[in-house]
Amino acid sequence: MEQFVFFGGKGGVGKTTVSCAYAHRCAREGLRTLVVSTDPAHSVSDVFDQRFGDEPESVAGVDGLDAMEIDPEDEMQRHLDEIRESLSEQVSAAMVSEINRQLEMSHGTPGAYESALFDAFVDVMRTESEPYDRVIFDTAPTGSTLRLLGLPDFLGDWIDRLLYKRKQSIDLFEKAAVGDMEPRRLLEGDPVIERLQQRKEFFEYAGETMRNEAAFFLVLNPDQLSVNETARAIEGFTDRDLRVRGLVANKLTPSPEEDETGRGARYLREKVETERDRLAQVREGFDPPLVAEIESRTTEVRGDVLADVAASLDVEP
C-alpha cells in the first residue's frame, strides 16, 4: 500500500467513518498513522470524541495514531497572507494598498478555497508525513475533491505561461538598456521568476506524488444516486490520470431473521433486495473492485465499533 491513502465520495456516504476505521486498523497493526480531515464538516473529532487542530495530535486510547483537521477558512486566510507578504517585498509601496484590496476581494472568488486547501494538504504530504508509515485523507465531497486533484495540471500550465511572459518581459528590459545603462530588470535573481519556479516545483511534486505514491478509494451507499455519483467520480479520476484502487459500500441494511414475518421484516427484505441489485450493478459495471461491504450499526461508529468496521475493510494496511 502507498504511503498516502485518500477516501472520497458523495456527501453523507460515510467517508469519515471509513477513513477513521482504516486509520484505526493501520495503527493497531503497528503502522505509525496520521488521519487528516480536509472536509469542512470535521467529523474526525466527533468519531474519536476529541478535538483536533491543524497540527497532528495523538488519538487517545489508540497507540500510533495521530489526527489533524485542516480548517479551510483558516488556510485560505493564511494562504492570502503569504501571498500578500511575498508580493509586498517585490513591489513599490504605492502598490501595496492595491494588492491588499485585490486580495480581500479574492477571498470569496471561485477557486480560492480549493487553492488554499490544496496547498494545505500538499504541505502535509511534504512536511508532516515523514514520521508516518501511512497518511490517510478524509476528503471533502467528490466534486470539491476532483477540483482539488485537478489543480496540479491546471495551475502547472498556468505557471508555465506566467514564467514565459515574465522572461519575455525581462528580455525586453535587458535589450532596451543603452550603452552603460543597467537594465531595470535582470533575468538572473529575479524574485518573481524565483517564486513562480517554486510554485511550479510544488505542483510537479503534488502531481507526481498523487499519481505514484497515493491510493484512492471511493465510498458509496447502495442507492442509485450514490452509484451514479460514483460512476461520474471514477470517470473524473480517470480524466486526471488517477486510478481508483477500490470501492467501499457503506450503510448496507442488515437482513432480518428468516422466521420474522412482520411488516418491518418485509420492508427490510425488500430494501436488502434492492441494495443487492445496486451492488451487482457496481460489481458488473465498474472497473475498481468492491473491497468492503459495511452494514449499518444500531450504535454510533465510535470506540470498539470502529474496530468492527475496520475488520470489514478488505484493504491491506
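Student: Which strand is Glu 293 found in?

Tutor: Glu 293 sits in strand β8. Strands are DSSP runs of E with at least two residues, helices are DSSP runs of H or I with at least four, and both are numbered from the N terminus. This is a predicted model, where local features need pLDDT of at least 70, side-chain atom pairs count only at pLDDT 80 or more, and totals for chains, interfaces and linings use all residues. Residues are numbered from 1 along each chain as its sequence is written, and side-chain values use heavy atoms, leaving out hydrogens and water.

Student: What is the relative accessible area of Glu 293?

Tutor: 38%, so Glu 293 is partly exposed. Buried means under 20% relative accessible area, exposed means over 50%, and partly exposed is in between (1.4 Å probe, protein chains only).

Student: And what does Glu 293 touch, leaving aside its neighbours within four places in sequence?

Tutor: Glu 293 is in contact with Ala 249, Leu 252, Leu 279, Arg 283 and Ser 312, where contact means heavy atoms within 4.5 Å. With Arg 283 there is a polar contact between the two side chains, at 2.4 Å. A polar contact is a pair of N or O atoms within 3.5 Å; within protein, one must be able to donate a hydrogen and the other to accept it, and residues adjacent in sequence count only if both atoms are side-chain atoms.

Student: OK, helix α11 now. Which residues are buried there?

Tutor: In α11 (residues 304–311), the buried ones are Val 305, Leu 306, Val 309 and Ala 310. They lie on the same side of the helix, because they span an arc of only 145° around its axis. That arc is taken over the directions from the helix axis to the C-beta atoms. In general, an α-helix has 3.6 residues a turn, so residues three or four places apart point the same way.

Student: Which exposed residues are on the face turned away?

Tutor: Asp 304 and Ala 311.

Student: What do the buried residues of α11 pack against?

Tutor: Their partners are α1 (15–28), α2 (44–48) and β8 (290–295).

Student: At what angle do α1 and α11 pack?

Tutor: About 90°, and their axes are 8 Å apart. The axes are lines fitted to C-alpha atoms, for helices over the stretch in contact, with angles from 0 to 180 degrees between N-to-C directions. The two helices are therefore roughly perpendicular, a label for angles of 65 to 115 degrees. On the α1 side, the contact is made by Thr 17, Cys 20, Ala 21, His 24 and Arg 25, and on the α11 side by Leu 306, Ala 307, Val 309 and Ala 310.

Student: How do the residues of that contact divide?

Tutor: Into six nonpolar, two polar and one charged. Ala, Val, Leu, Ile, Met, Phe, Trp, Tyr, Cys and Pro count as nonpolar; Asp, Glu, Lys and Arg as charged; the others, Gly among them, as polar.

Student: Backbone next. What is phi of Asp 49?

Tutor: Near 55°, which is positive in a residue other than glycine. Asp 49 lies in the loop between α2 and β3 (57–58) and counts as exposed at 59% relative accessibility. Asp 241 also has a positive phi, about 60°, and is not a glycine. Asp 241 lies in the loop between α9 (224–239) and β7 (244–252), and its relative accessibility of 55% counts as exposed.

Student: Is Asn 250 buried or exposed?

Tutor: Buried, at 7%. Asn 250 lies in strand β7.

Note on methods: Parallel < 35°, antiparallel > 145°, perpendicular 65-115°, else oblique.
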